Amino acid sequence: MDGFLDLAPLLAILASAIAAVAVPLTGEKRRNLRETWTVLAAVVKFSLIAMMIPGVLAGERYGMDLLEIAPGIGLSLRVDPAGLLFATSASFLWILTSFYAFGYMRGANEAKQSRFFSMLAACLSATIGLCFSGNILTFVIFYEILSVATYPLVIHSGSKKAYEIGRQYLIYALTAGIALVAGLAAIYAVTGTLDFQPGGFLDAEMGMPFLWTVFLLFALGFGVKAGVMPLQSWLPNAMIAPTPVSALLHAVAVVKAGVFGFVRLVGYIFGPELFGAMGAATFLAILAAITILVASLIAITKDDLKARLAYSTVGHLSYIVLGIAILAPQAMLGAAFHMITHAAMKITLFFCAGAIYVHTGKKKVSQLDGIGRQMPLTMAAFGVGAVGLAGVPLVGGFVSKWYLGVGALDAGLSIYLWVFLLSGLLNAAYLVPIVTRAFLRSSPDHTRFNEASPLMVVPITITMLFALLLGIHPDGVFRFFSLAEAIVASVTGVTFTGGI
Amino acid sequence: MSQLPALIPTTLILAGLLSLLVGLRSLRAGHLIALTGTVVSFLVSVIGLLEVTSSGQPIRYALGGWIPPIGIEFVLDHLAAYMTTLVTGIGVLVLIYAPRSIRHESPGKAALTYPSMALLVAGLAGMSITGDLFNLYVFLEIAALAAYALLATGRRGGAFATLRYLLIGAVGGGFYLLGVGFIYFSVGSINMADVAARLPELLESRSVISGAVLMVLGLALKMGLFPLHFWMPDVYTNAPSSSAALIAPIMTKVSAYAIVRLMLDVFPPGFFTEALPIAATIGWMSAAGILFGSIIAIGQQDYRRMLAYSSVGQIAYVGLGIALANPIGLIGGLLHIVNHALMKGLLFLIGGAIQWRTGLVRIPDMVGLGKKMPWTMYAFVIAVLAMVGIPPTAGFFSKVYLMIGAVQADAWVWFAVIVLSSLLSAIYFFRMVEFVFRDVEGAEESADDSATGGVSAEELRGAVAGEVPPSMFIPIAILSAAVILVGVFNFLIVRALLEPAVAPLLGG
């Protein structure tokens, strides 16, 4: 079994890579067969990943070195709690997104569906690849593939505006990519190694100019995908992609790849101690705190539903970055867990926005009066996601925010506690009115019950339940909480007993 | 087996001459002879490569039985085997591709083209394996003459561009020859190994220094190193696609290789870096060339001109590798020789395929090609990803090695140039990807803007749809696969061939 599980990370990457090829070969004419490939790949991928959870929690590190690709550096796959946490959530949500996307793409009668599903599968391969990368080179390779594979999805509509946005997207993504390559070259030239190590492998003797150069290159590289201001502007624009892309890639896989990069950077390259001592933590924390507040304020002003959600995403990604930069074990725990809870809540919200659009053609918040009567299930799910993001107990968001706040206090940085609290209020201010408007106001457009296709409503319900479960029993779903604890334990050496 | 090195150029020269004679009567037979000769020399190169890597020893051959250093010596070592395999391999692919393309672009010139191609490859392969400074000049001129012939068969303007190239090429060759003369006068030998053995006592000699500078200057001209690149854009733009696809990938590279040869195996370690600032000069010329080539390429509307300026930038990566003069940087530069040859060859072949199918050469007119020739355009995307340096294509790794080398050499400006240039090349290549995959509604708009002389390209070619024939597509497919495979397995090449080749840098 263990021998097989060493292969599991590779197989998990290949599963969707095969689908990425099989989908366009099958083609639009046999679309049910084509969709079968996606579902098959998603289920196989998730199963392979989920199978590794017990072993990894018990201390196993599955993986293999594939082939040497540079002197002393192999293409190396290594499964640790951090990668597994992210991979599990991304691959689980891909299953749901697949079904949702069948409903969405058929409902909206989108063109080029084969290309769409193929590239989506390719993105997932790259995401899982970077989760399981054992060294920086492997990570960067998958990170770059992810950037490029997302481009056809961003320009999907083929409109002039889409191409303009695609161009901006590429400029940001490729700049980020080359910054990472530069950073890894610098690290390799000085240390001769690129392997991630819990607690980091750089040390202060390498000199501040070098360390800051490396930090800034990596912060640029990860900050773009993580939407840390001032690098965020591509993300709201990228909402021009079909909603399943916004939901899975621009709320979960792609943007969290940036956040995950920060986890690797702080926990496995620099190490929290050095990261704090050199002052990079303060720098990053201030940027993240500003991003949280500014993004929340901008979100309030947006009438376009997806744009509002996009700015909300920008803010919440920085929750995670801030949690990492606070460096206190509790805050890291909260940050790691927020990767999951935010994914569950935000994908629910995007799913809802897409269902509303496909079903009624409405995109703006101001048009949603009374829509709760027509689509009560969708809007109820939206409500759960909304209060969850605001930090109301019994939804996952509360748990992660709790630990983020406690961590800020532990570290003696109570200012960041206020940032979290204030932002919670702002979250409520930009999300809850949508729900009240939907249920309390009335409109002649929406009088009788008429939900979107079950292909969309069922995934929405499941992600909503996922978000709730995370709040009620944080360790109940795929042991996410334990994985988060294991990350903190491996990076800082602090273990938690009891949990919630 | 010791005749093996000699077989590579002689087969090609024979095939070239025979192909010329036979080609006057039967084009098809002439092509077949040139192709067969190239295939044979490619196979011999591969055998030589395997031989050298398994034994770890170079294969030496004394021409005509004259013992070196008096006679001419061929030396097939790791680096030479690497180059000949590349040169003859590209030659095979282009010769497979050429007939259709030539019939379309320069009908009536085919009889001259195939022998010239074989002779060009012969010259370049000869430059790669020769162990003799003067003999290198001879092969350099064989290659140059063949290249002039190939380029001059192009459309109007081709002849003038070629004349200019010829004059500059003659100057470059002249400088090199003059340098060899200086070396001969002061050292008394032109056999590379022999010169290398005698040089250490004569390093202070002014004529040795002048000789080194002249040889490098001549080769730098031939290599098209900025600002000595000015002949390149016109030449590549006006040449027939198949000629450009043969010359652009390999010709400048072999001159770069010759500089590496001089640095590693003729002059003592440190001579190019410490005694004379040759490496640093090459480095700054390269850094400027990378930026210049990439920036000018952005403004080009003509596909081939864009590729030409991109080549000005790309050859400079090899130059940077030479300039870094540390093992990993030089490995990056040498690896980029193969990487860029594959990518640029692929791009020129695709350009020829587009011309064959649609007659288009201007990028704004290429809107909607993704629908017309999807497979060719997928190959184009692979080439673009490689040019920009997206993993796991070949282009990524040479850049990584060069960057590591730059950090180790504390060359932060060059480091920044490499970083920046990836982004610049992304700009001009992705712009084109955007064009070719855009839907045709957009096509009408931009066809109006671009003013193609009142006649839209669609009308010109009667809106033909479909791919190119197999003889053109197979080389494209092979090169696309190679771009990815060389990327994924680049380390095998590095370990087997390049690490032994740069060993003199470590031994210094």
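Two residues are in contact if their C-beta atoms, placed from the backbone, lie within 7 Å. By that rule, the contact between the chains takes 19 residues from chain A and 22 residues from chain B. The model is predicted.

**Chain A overall**
- Chain A has 500 residues. Its secondary structure comprises 20 helices and 2 strands.
- The radius of gyration of chain A is 21 Å. A compact globule with 500 residues would have a value near 23 Å, so the two agree.
- The C-alpha trace of chain A spans about 70 × 55 × 45 Å along its principal axes.
- Of the residues in chain A, 63% count as buried.
- Take the contacts in chain A with a separation of 6 or more: 80% of them join residues 24 or more positions apart.

**Contact between the chains**
- Chain A contributes 19 residues and chain B contributes 22 residues.

**Largest nonpolar core**
- The largest nonpolar core holds 421 residues. Val321(A) and Ala383(B) touch the most other members.
- Helix H14 (residues 329-360) of chain A supplies the largest share of this core, with 20 residues.
- Leaving aside residues up to four places away in sequence, Ala383(B) touches Met343(B), Leu346(B), Leu347(B), Ile350(B) and Val483(B).

**Gly131(B)**
- Gly131(B) sits in the loop between helix H4 (110-129) and helix H5 (133-152) of chain B.
- A residue is buried if 20 or more other C-beta atoms lie within 10 Å of its own. Gly131(B) has 29 within 10 Å, so Gly131(B) is buried.
- Not counting residues up to four places away in sequence, Gly131(B) touches Glu73(B), Phe74(B) and Val75(B), and also Asn191(B), Met192(B) and Ala193(B).
- Gly64(B) is 67 residues from Gly131(B) along the chain. Their C-alpha atoms are separated by 14 Å.

Definitions and conventions. Residues numbered from 1 in each chain as written. Chains lettered and ligands numbered in written order. Predicted model: local features only at pLDDT ≥ 70, side-chain atom pairs only at ≥ 80, totals over all residues. Core = buried A, V, L, I, M, F, W, Y, C linked by C-beta atoms within 7 Å. Buried ≥ 20, exposed ≤ 12 C-beta atoms within 10 Å, placed from the backbone. Helix = DSSP H or I, 4+ residues; strand = E, 2+ residues; numbered from the N terminus. Rg over C-alpha atoms; globule rule 2.2 N^0.38 Å.
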